[in-house]
Amino acid sequence: MSKLALLSSVIVFVATLLSCNHPQRQINAANAETPDASTGQQALLTQNLVIPERRDFPVNVKLDPCNDFYEYACSGALADFSLPDDKSAYTFAFNDSHERVKRKKMAFIDSVANKKVSPRLAQVRDVYQSCLNEKRQVTDEQEWVAQVKADLAQINSHEELAQYIVQRWNAGSPSFLGLGDIPNQKNSLKNDAYFDVDVMQLNHRKLYEKEDVKQAYTELVSAFLITIGETQQISARAKKVVDLEQAFSQVYPTPEEFRALINEDRYVSRESLVAKYPAFHLDQVFAPLSASVPLRDLSPEATAYLHEQFVKGDLQTLKDLVAVQSLYSTLDDAYPEFYDQKFQFSHKYLGGPAVRKPRDQRCADYTFRKFAKEIDADMVQEMFPDFSKEKFVALLEKVRKEMIHRIKSNEWLSDAGRKGALKKMERLGYQVVTPNTEAEWDFLPVKTYDNASFLNNVVIFNKMMIEKTYDDLSKDRNKDVWGMGPLTVNAYYSAMDNKFVMPIGILQYPFYDQNLPEHVNMGAVGVVVGHEIGHAIDDKGAQYDGDGALNNWMTEEDLKHFKEMGQKLGVYYAAEEHNPELTMGENIGDLSGLTFAYDAAFGKKAATQKQKQEFFLQYARAWCQSIRPKFREQMLRNDYHSQQPQRVNLPIKHLTGFYEAYQCKAGDNMYVAPKDRVQIW
């Protein structure tokens, strides 16, 4: 899912746990016996983990739950677990479920390797098989490098370089130009086109500001230039490329800035954008678009900076930048020394894994991500043959009913705000378990892929996605489409569609087990439901009405009160290294989800202390995680969600029910005085 999809049409429950690398950096693999970079010993690989059908989560009776509830609930399960060397992080609830699904998909795709299958499934099989072809990968990489070098050698002016970039865009080759579709702010049945540029190889401006990271990355760019055959002034040229990226990063929106700008008026006319950035030849990029499609320039400061460079910047530096954009993620099997240096850079500075996954694992990751629905359609019934959709829907409706009750009894909402919130709840749609119609599945256009050349398939896929974007922009928006395959271990709420989507992939233990008591399921999946639906009525959700149009229904006083509560909650997260501006929406979602699910589980009926403890324990079990310290730093900079210990400890200490369950008292780390507890709803 694209960055803008995550920010605009959906708010995803967990966005970064299952895949830590860019897709094109997972194309190829080293041998499964690759030693651990840090020890030189044979690596522990995820594929060799024993994934239980139901993992045990014994509480650590040596610890006090009122001191650190996350450690109390999770340290027992983590004590005997070693983070695989090919992972940056492992969260049991997500990764166990993902691995179960992935292993069955791999067995299935291997079983049809030589069988006649539908054209839709043939795409999955052929792309996967092409990725396994290491020998062809070597020759393809060498040919790509030779072609890009020959192309750039013939370029002698800024104008020729600009034309080359547009040609690569149209051909589906890697480019810093970005064009996509995003729901219209006033009419969610229509699409807008957005334009964006991005030349950063490091994913946050703060990384460029770290001297050790910047120096190591500059050395990596030097190695890149040498690897592709450059010989002149290597160090100076590499420094200029990195300096340009860093300058760009200073004007490119940060993740928290992107979260806000999606709802801003960034509309521009096509004519003005083409005139403003003539060096990018946007008339060619926009040519297939209907003149009636609204257009947004999402990062005008960054676009203006980069355009200025392509008008009067150093031509050699720009050519080197284009070479990096075109080839940096491609050099692999044919250039093992450079790839190893790049991999070690990621491991040391970015928290990347210590070793690469075996080739078949990474090929599966890429293929199943790109063609998620295409393979899920053949697998979902086989994997979940006895699942009761009706039982899960009953749980979902119970949470929604509690939300409506809390909105009606809320004391701080204005009458207008209450009316708007109730209208959203009444119009809220949900799509759960599996898609039911062709519109919901929205399969990719069927293309013929080469079962030998993976890099050629990457181009075919990219070009298909460009064509699909143009096609989607030419017609009414499909509001029924699922944003992920049904076997995905995730869930989301779409503000522009006012709908909640929960694939069956996440409905595995510990999130959900249809044979468990309802209050236990409420502690995990019930919180997810409340978290996601709660986004419909938070400060961002309030900007969209029940039809998905940008139409704020909270009064200024409502929003002020909501923001004050959010800031009060944010103090607790800021005290534990988090950026409240980045994580605020998800922190409120966690607190709201817990509140709704707890009341849905127990309401006014009598509940035992043990049942209440089971509710909170199940919530904590959903977040038990092992993570590399450097990768945690990455997440603190870029993830809209707080880190796992904080997702557990910080919201639950604001719920009265937690104190009823564990009798935490003043002086305990998990204690917050009643007057200081934050209650949003």
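Two strands pair if DSSP finds at least two bridges between them. That rule applies to strand β9, where Tyr492 stands opposite Val501. The model described here is predicted, so local features need pLDDT of at least 70, side-chain atom pairs count only at pLDDT 80 or more, and totals for chains, interfaces and linings use all residues. Residues are numbered from 1 along each chain as its sequence is written, and side-chain values use heavy atoms, with hydrogens and water left out. Helices (H or I, at least four residues) and strands (E, at least two) are DSSP runs, numbered from the N terminus.

- Strand β9 spans residues 499-503, and five of its five residues are buried; buried means under 20% relative accessible area, exposed over 50%, and partly exposed in between, with a 1.4 Å probe and protein chains only.
- Lys499, Val501 and Pro503 point one way from β9, while Phe500 and Met502 point the other way. Residues on both sides are buried.
- Strand β7 (residues 429-433) runs parallel to β9 and is joined to it by five bridges. In this pairing, Val433 stands opposite Pro503.
- Strand β8 (residues 492-494) runs antiparallel to β9, with three bridges between them.
- A hairpin is formed by β8 and β9, with four residues between the two strands. Asn498, in the turn, has a positive phi of about 45°.

**Disulfides**

- The structure holds three disulfides, a disulfide being a pair of cysteine sulfur atoms within 2.5 Å. With bonded cysteines counted along the chain, the pattern is 1-6, 2-5, 3-4.
- Cys66 is joined to Cys664, with an S to S distance of 2.0 Å. The pair links distant parts of the chain, 598 residues apart: Cys66 is in the loop between β1 (11-12) and α2 (69-79), and Cys664 is in the segment after α28 (656-662).
- The link of Cys66 and Cys664 is left-handed, with -90° about the S-S bond. Cys66 counts as buried because its relative accessibility is 4%, and Cys664 counts as buried because its value is 8%.
- Cys74 is joined to Cys624, again by a disulfide, with an S to S distance of 2.0 Å. Cys74 lies in helix α2 and Cys624 in the loop between α25 (609-621) and β10 (625-627), so the pair ties together parts that are 550 residues apart in sequence.
- The link of Cys74 and Cys624 is left-handed, with -75° about the S-S bond. Both cysteines of this pair are buried.
- The sulfur atoms of Cys131 and Cys363 are 2.1 Å apart in a disulfide. Cys131 belongs to helix α4 (residues 119-131) and Cys363 to helix α16 (residues 359-370), so that this pair links distant parts of the chain, 232 residues apart.
- The torsion about the S-S bond of Cys131 and Cys363 is about -80°, and the disulfide is therefore left-handed. Cys131 is buried, at 0% relative accessibility, and Cys363 is buried with a relative accessible area of 0%.

**The surroundings of Gln185**

- Gln185 lies in the loop between β3 (177-183) and β4 (191-197). With a relative accessible area of 6%, Gln185 is buried.
- The side chain of Gln185 reaches the backbone oxygen of Ile262 at 3.1 Å.

**Helix packing**

- Helix α8 (residues 211-227) packs against helix α14 (residues 315-327) at an angle of about 85°, with their axes 11 Å apart. This makes α8 roughly perpendicular to α14.
- Axes are lines fitted to C-alpha atoms, for helices over the stretch in contact, and angles run from 0 to 180 degrees between N-to-C directions. Angles under 35 degrees count as roughly parallel, over 145 as roughly antiparallel, 65 to 115 as roughly perpendicular and the rest as oblique.
- Val221, Phe224 and Leu225 in α8 meet Asp320, Ala323, Val324 and Leu327 in α14.
- Helix α18 (residues 389-409) and helix α24 (residues 580-602) cross at roughly 110°, and their axes come within 9 Å. This makes α18 roughly perpendicular to α24.
- From α18, Lys398, Val399, Glu402, Met403 and Arg406 meet Thr595, Phe596, Asp599 and Ala600 in α24.

How values were computed: A polar contact is a pair of N or O atoms within 3.5 Å; within protein, one must be able to donate a hydrogen and the other to accept it, and residues adjacent in sequence count only if both atoms are side-chain atoms. Contact means heavy atoms within 4.5 Å.
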